[in-house]
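Good morning, and thank you for coming. Please look at the structure as I speak.

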Amino acid sequence: MSTYNIKLGDWGTLNADAKAIRTEVFVEEQGVPAELEMDSLDIVCLHAVAYDADGIPVGTGRLLPDGHIGRMAVRKIARGSGVGGALLQALMQQAKVRGDHHVALSAQTHAAPFYTRHGFAIEGEEFYEAGIAHINMQRNF
């Protein structure tokens, strides 16, 4: 497991690195239309970007004002290294600090076991977003 420097901030501060990761993972790898990937919610979210030992941005995620965590993405070069878990923990900690009682997310179905390991429970039925299977998940604090 590697160590990552996770920076938290607003869209104005972190958008260049967050956009690069999200474009690589969601648009290029998964075929999500670019106009769906970046949305008007980015401006109101708390963003997290993880940097490797060389200062290269390798992962990102965001926390919405309503307690949803979204746009979790890790570049191929860093998958399986623990960076996704570190980002998720950082965003959950921020939600706790601001007084949220739970967090929720829409996970790509293949990623549900990852979120389950971090205390999330599946809620409801599978659905499709941008042509990709998703499942709603929630974790109470």
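Predicted model: local features only at pLDDT ≥ 70, side-chain atom pairs only at ≥ 80, totals over all residues.

Where does Ala130 lie? Ala130 is found in the loop between β6, residues 121–129, and β7, residues 132–140. With a relative accessibility of 37%, Ala130 counts as partly exposed. Its backbone also deserves attention, for the phi of Ala130 is near 55°, a positive value in a residue other than glycine. To place that in context, most residues other than glycine have a negative phi.

There is another example elsewhere in the chain. Arg71 is not a glycine, yet it has a positive phi of about 55°. Arg71 belongs to strand β4, which covers residues 69–74.

Arg71 leads us to a further residue, Glu37. Among the residues in contact with Glu37, leaving aside its neighbours within four places in sequence, is Arg71. Glu37 itself lies in helix α2, residues 34–37. Is Glu37 buried or exposed? Its relative accessible area is 3%, so Glu37 is buried.

Gly12 has its place in helix α1, which runs over residues 11–29. Its relative accessible area is 61%, and Gly12 is therefore exposed. From the C-alpha atom of Gly12 to that of Ile122 there are 33 Å, and the two residues are 110 residues apart along the chain.

I turn now to the aromatic residues. How many aromatic pairs does the structure hold? There are two. A pair of aromatic rings is described by the distance of the centres and the angle of the planes. Taken together, Phe114, Tyr115 and Phe120 form one aromatic cluster. Tyr115 has a relative accessibility of 8%, and because buried means under 20%, Tyr115 counts as buried. Phe120 is buried as well.

Finally, let us consider the protein as a whole. Its secondary structure comes to four helices and seven strands. Along the sequence, these elements follow the pattern β-α-α-β-β-β-α-β-α-β-β. The radius of gyration of the protein is 14 Å, close to the 14 Å that the globule rule gives for 141 residues, so the protein is as compact as a globular protein of that length. Taken along the principal axes, the box filled by the C-alpha atoms is roughly 40 × 35 × 30 Å.

What share of the 141 residues counts as buried? The figure is 45%. Of the contacts with a separation of 6 or more, 59% come from residues 24 or more positions apart. As for the surface, the protein exposes about 7,300 Å², and carbon and sulfur atoms supply 52% of that area.

The protein carries 12 positive and 17 negative side chains. The centres of the two sets lie 5 Å apart.

That concludes my presentation, and I thank you for your attention.

Terms used:
Residues numbered from 1 in each chain as written. Heavy atoms only, no water. Helix = DSSP H or I, 4+ residues; strand = E, 2+ residues; numbered from the N terminus. Rg over C-alpha atoms; globule rule 2.2 N^0.38 Å. Buried < 20%, exposed > 50% of the residue type's maximum accessible area, 1.4 Å probe, protein only. Contact = heavy atoms within 4.5 Å. Areas by Shrake-Rupley, 256 points an atom, 1.4 Å probe, with all protein chains shown as cover. Lys, Arg positive; Asp, Glu negative; His and termini not counted. Charge placed at Lys NZ, Arg CZ, Asp CG, Glu CD. Phe/Tyr/Trp six-rings, centres within 6.5 Å; stacked < 30°, edge-to-face > 60°.
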